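Here's a quick tour for anyone opening this one up for the first time.

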Amino acid sequence: MFFENELVSHLTSQISHLKSHKMNKTIKGGEFLIKETAYQDVFIPEEFDEEQQMIAKTCRDFLVTEITPILDRIDSQEEGLMPALMDKAGELGILGVSIPDQYGGFGKNFNTSMLVADVCGAGHSFAVALSAHTGIGTLPILYYGNETQKAKYIPKLGTGEWKASYCLTEPNSGSDANSGKTKATLTPDGKHYLITGQKMWITNGGFADIFIVFAKIDDDKNLTAFIVEKDFGGITMNPEEHKMGIKGSSTRQVFFNDCPVPVENMLSERENGFKIAVNILNIGRIKLSAAAIGGSREVLSQAINYSNERIQFDRQISKYGAIRYKIAEMATKIYAVESANYRAGQNIDDAYDELVAGGMDEGKAKLKSTEQFAVECAILKVWGSEVLDYVTDEGVQIYGGMGFSAEAPMDRSYRDARINRIFEGTNEINRLLTVDMMLKRAMKGELDLMGPATAVAAELMSIPDFGEEDTTLFAAEKKVLANLKKATLMVAGAAVQKLMMTLSKEQEILMNIADMAGYVYILECTLLRTEKLVSLKGEESCAGQLDMLRIYMVEAVDGVAKAGKEALWAFADGDEQRMMLVGLRRFTKVEPFNVKDARQRVAKQLIEANKYIF
Ligand SMILES: Cc1cc2nc3c(=O)[nH]c(=O)nc-3n(C[C@H](O)[C@H](O)[C@H](O)COP(=O)(O)OP(=O)(O)OC[C@H]3O[C@@H](n4cnc5c(N)ncnc54)[C@H](O)[C@@H]3O)c2cc1C
């Protein structure tokens, strides 16, 4: 046991030890599968500094005072309410966190904007309006605009004086976003493009001042992006969509009828629109994961509180193992994905710093740094949104009949959660992209997947190493993680070799590989965060985190084993299949761990605190 001042000095020395560790910032997107990372090289949310915590507190206070009390009014789309709330958020600086100082913002790094998305993620429809405005609405101009465009639009977007929307989707062009039919034609005097077409599902459409519109000039193959002001003329819209959830978020069909857009409002270059759309979506995806985890934390806290209040069979339902199981599982999944969100956020910040130090223009570096981690962004979009769905579903269940009542909070959370698996690229598309992007990088020589995959194949032929067991803390977990990487490389490598050109059409197998890679990534991030935490605070104070790490490890092992087996059954046969199935069993071996007791311990801590505390 430490006395308080001893604890402080212990922590200070630990932190300086961590700082003195030479930061290895060279990890590239997708490399988690083939490289080991030291815990000193990851950022964990417990390391946010005082200023970042103040920003988070501002957001939290804003939700508590301005949003949560009026969720019903927001959902009824009371005239003018959402824009007024955005104005208030703008006054508090929430909209300008990641906008550079020269445009009136606070110029904070990427991970700070992740923190804002995370905290505001509990804000239901408001969170959607906020993220559409600050993300897909503002960032195309910030990252692709020229100086004149940035100077004209960014300061007003940063304060909320102007609100933004992003018009990519069309009735016949959703996942296949580059197939849009909206046209742009140059006027004979060469001063304007006339935009004509129909955009669908446009968030903030009802009150936006600025529309980022993607259209094809003449018979171009690729989209071009334009900044369109509401008052340019030729813009009409359908009434608000009636939706299953996020009812307070404005969602409109927007029609452009010969809308005259000055030529100087083209963003970047002709036919660069699809690239803009994709790159901006990368950022949207990782931020969606942050928001989903923020929402999940709120739901779990409410569910814990309800379980402590609700009495059945003369006992609080929080005393029952079945409920404690749910609470611990919800917490574990939140803790795991949260670890990955901030590790990836920091990777993006580090990549940005390196690129700028290497002489790259700041705007370009912003884009390049997120592009480098597009694989992780896609994984996080899938994992974050699926954790939120899991958590809200179990939240409803813990509330029982009240979970199904529109008078209790789970109803809204459950309905609002569902959209996250659909927008910012559906989870199917993001799973496919995860593998597609990794393979493309491998083919370009940017990511050496085949070398390690071949090494794993050779290892399969060798006799397993029964050397002395390493019993130090985290050794067993690291071994499991290393083996899961081998399992993933084995299956992915064999699939590439066996299926070659047809692999891109074998979606079920690609989904299996995406799941394996996803489990590996999230487990590694959870492990590294826990290891870092233990190094800072000691094992005893991290008992809950250690339990959650091990609970998640068991889930990851099972998930990798299942996905790997299904893939091998589908594409391999004969001796080769038998050998790889034996390898898969070897690589997905885990020592017995009493997950039941671990869940009980995690749940106990949460139930005593009456909220999520990790
Ligand atoms: C509330 C809401 C807000 C939105 N906000 C915006 C916004 O602000 N701006 C904007 O531009 N868009 C917005 N969208 C649109 C959203 O991004 C799209 O709905 C989404 O990309 C999916 O497109 P889709 O609806 O056409 O589905 P589809 O593309 O028709 O997909 C239908 C199903 O088929 C699957 N699928 C499609 N193609 C493939 C494939 N190649 N392989 C395997 N499976 C496939 C999908 O995963 C999905 O399960 C919003 C949507 C909603 C519902």
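**A first stop, then the overview**

H124 lies in helix α6, which covers residues 124-137. Helices here are DSSP runs of H or I with at least four residues, strands are runs of E with at least two, and both are numbered from the N terminus. What you're looking at is a predicted model, where local features need pLDDT of at least 70, side-chain atom pairs count only at pLDDT 80 or more, and totals for chains, interfaces and linings use all residues. Residues are numbered from 1 along each chain as its sequence is written, and side-chain values use heavy atoms, with hydrogens and water left out.

**The whole protein**

- The protein has 20 helices and 10 strands.
- Its C-alpha trace spans about 80 × 60 × 50 Å along the principal axes.
- For 614 residues, a compact globule would have a radius of gyration near 25 Å, and the protein agrees with its 25 Å. That radius is taken over C-alpha atoms, and the globule rule is 2.2 Å times the number of residues to the power 0.38.
- Of the 614 residues, 58% count as buried. Buried means under 20% relative accessible area, exposed means over 50%, and partly exposed is in between (1.4 Å probe, protein chains only).
- Among contacts with a separation of 6 or more, 77% come from residues 24 or more positions apart. A contact means heavy atoms within 4.5 Å.
- The protein exposes about 27000 Å², with carbon and sulfur atoms supplying 54% of it. Accessible areas come from the Shrake-Rupley method with a 1.4 Å probe, and for residues only the protein chains shown count as cover.

- A215 sits in strand β4 (residues 210-217), and with a relative accessible area of 0% it is buried.
- Leaving out neighbours within four places in sequence, A215 is in contact with several residues, including A184, I195, L223 and F226.
- K181 is 34 residues from A215 in sequence, yet their C-alpha atoms are 7.2 Å apart in space.
- A184 belongs to strand β2 (residues 183-186) and is also buried, at 0% relative accessible area.
- Not counting residues up to four places away in sequence, A184 touches Y193, L194, I195, A215, K216, I217, D218 and F226.

**Charges and salt bridges**

- There are 69 positive and 85 negative charges, and their mean positions lie 2 Å apart. Lys and Arg count as positive, Asp and Glu as negative, while His and the chain ends are not counted; each charge is placed at NZ of Lys, CZ of Arg, CG of Asp or CD of Glu.
- The structure holds 43 salt bridges, each one a side-chain nitrogen of Lys or Arg within 4 Å of a carboxyl oxygen of Asp or Glu.
- E394 pairs with K326 in a salt bridge, with the closest N and O atoms 3.3 Å apart. This pair links distant parts of the chain, since E394 is in helix α12 (residues 374-399) and K326 is in helix α10 (residues 321-357), 68 residues apart. Both E394 and K326 are buried.
- R415 and D411 form a salt bridge at 3.0 Å between the closest N and O atoms. They're separated by about one helical turn, because they are 4 residues apart in helix α13 (residues 409-417). R415 counts as buried at 19% relative accessibility, and D411 is buried at 18%.
- E459 and K486 meet through their side chains in a salt bridge (3.1 Å, N to O). E459 is in helix α15 (residues 450-461) and K486 in helix α16 (residues 475-499), so the pair ties together parts 27 residues apart in sequence. E459 is partly exposed at 25%, and K486 is partly exposed at 23%.
- Salt bridges that share partners join E46, D118, R297, E338 and R529 into one network.

- E424, in the loop between α13 and α14 (427-443), is buried yet has no salt bridge; R285, the nearest side chain of opposite charge, is 5.6 Å away.
- Q77 has a phi near 50°, a positive value in a residue other than glycine. Q77 lies in the loop between α3 (71-75) and α4 (81-91) and is partly exposed at 26%.
- H124 also has a positive phi, near 50°, and is buried at 17%.
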